[in-house]
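Have a look at the sequence and the model first, and then read on.

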Amino acid sequence: RTEGGLRVVDDVQIGPIMTQHTEVEMALDGAPRSTKQTGQVRGQATSIEITYHDGRAKGSATTPSLAGLVTTAIDTTVGAGVIDDNLITALLPALDWSPTASFTLPVFFSGKGYVQPLTLAVRRTERLTVPAGSFDVYRIEMSGGQAPVAMFVTTDSTHRLVKIAPQGAPLEFVLAK
């Protein structure tokens with residue numbers, strides 16, 4: 001909790017390939033206020049700094065691309081109800097998951113500077129075993145972004161995120177504790 005809102009902090013490290021520290025601040029009603037992200041990808045410094053105010057997102061993003069680092073100036077309109085892309089996994093437990101659930105959300109891609117709808121849809125229920133144990137989960141497929149992603153949340157009321165598997169990528173993130 002912050003004065004008048006919430007802050008979500010996320011730290012990611014993928015071996016020597018990538019490190020990332022993200023802080024997203026939002027109002028109590030969920031409206032985004034700011035996104036700050038710093039990190040390194042294969043030794044190159046990356047950063048995102050966005051401020052949301054009066055229906056606009058302003059700032060800059062330095063992100064990796066096939067041609068090297070690209071810095072993008074961001075000054076664009078964002079509508080009511082938009083979600084910063086860095087909050088997707090943090091918001092999963094708050095959604096009303098069921099065997100037939102499907103949500104299409106307006107998502108602001110902070111590293112790119114645009115809003116695009118993402119769809120999260122339950123495809124099936126299954127039993128999944130990860131280092132933290134065995135869980136009954138909904139397999140949720142996220143589409144509309146750069147690449148499809150499968151996410152697995154528990155079927156109980158906590159809707160705890162157990163696994164993330166970007167499709168076509170040779171890695172996955174699993175719950176360890």
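A residue is called buried when its relative accessible area is under 20%, exposed when it is over 50%, and partly exposed in between (1.4 Å probe, protein chains only). Keep in mind that this is a predicted model, where local features need pLDDT of at least 70, side-chain atom pairs count only at pLDDT 80 or more, and totals for chains, interfaces and linings use all residues. Residues are numbered from 1 along each chain as its sequence is written, and side-chain values use heavy atoms, with hydrogens and water left out.

Our topic is the salt bridge: a side-chain nitrogen of Lys or Arg within 4 Å of a carboxyl oxygen of Asp or Glu. How many salt bridges does this rule give? The count is eight.

Start with Asp136, whose partner in a salt bridge is Arg127, with 3.3 Å between the closest N and O atoms. Asp136 counts as partly exposed because its relative accessibility is 40%, whereas Arg127, at 53%, is exposed.

Next, find Arg124 and Glu126, whose side chains form a salt bridge with an N to O distance of 2.8 Å. Arg124 has a relative accessibility of 42%, so it is partly exposed; Glu126, at 21%, is partly exposed too.

Now move to Arg139, which pairs with Glu141 in a salt bridge, the closest N and O atoms lying 3.2 Å apart. Is Arg139 buried or exposed? Its relative accessibility is 16%, so Arg139 counts as buried, while Glu141 is partly exposed at 25%.

Finally, look for Arg7, Glu23 and Glu25, which salt bridges link into a network.
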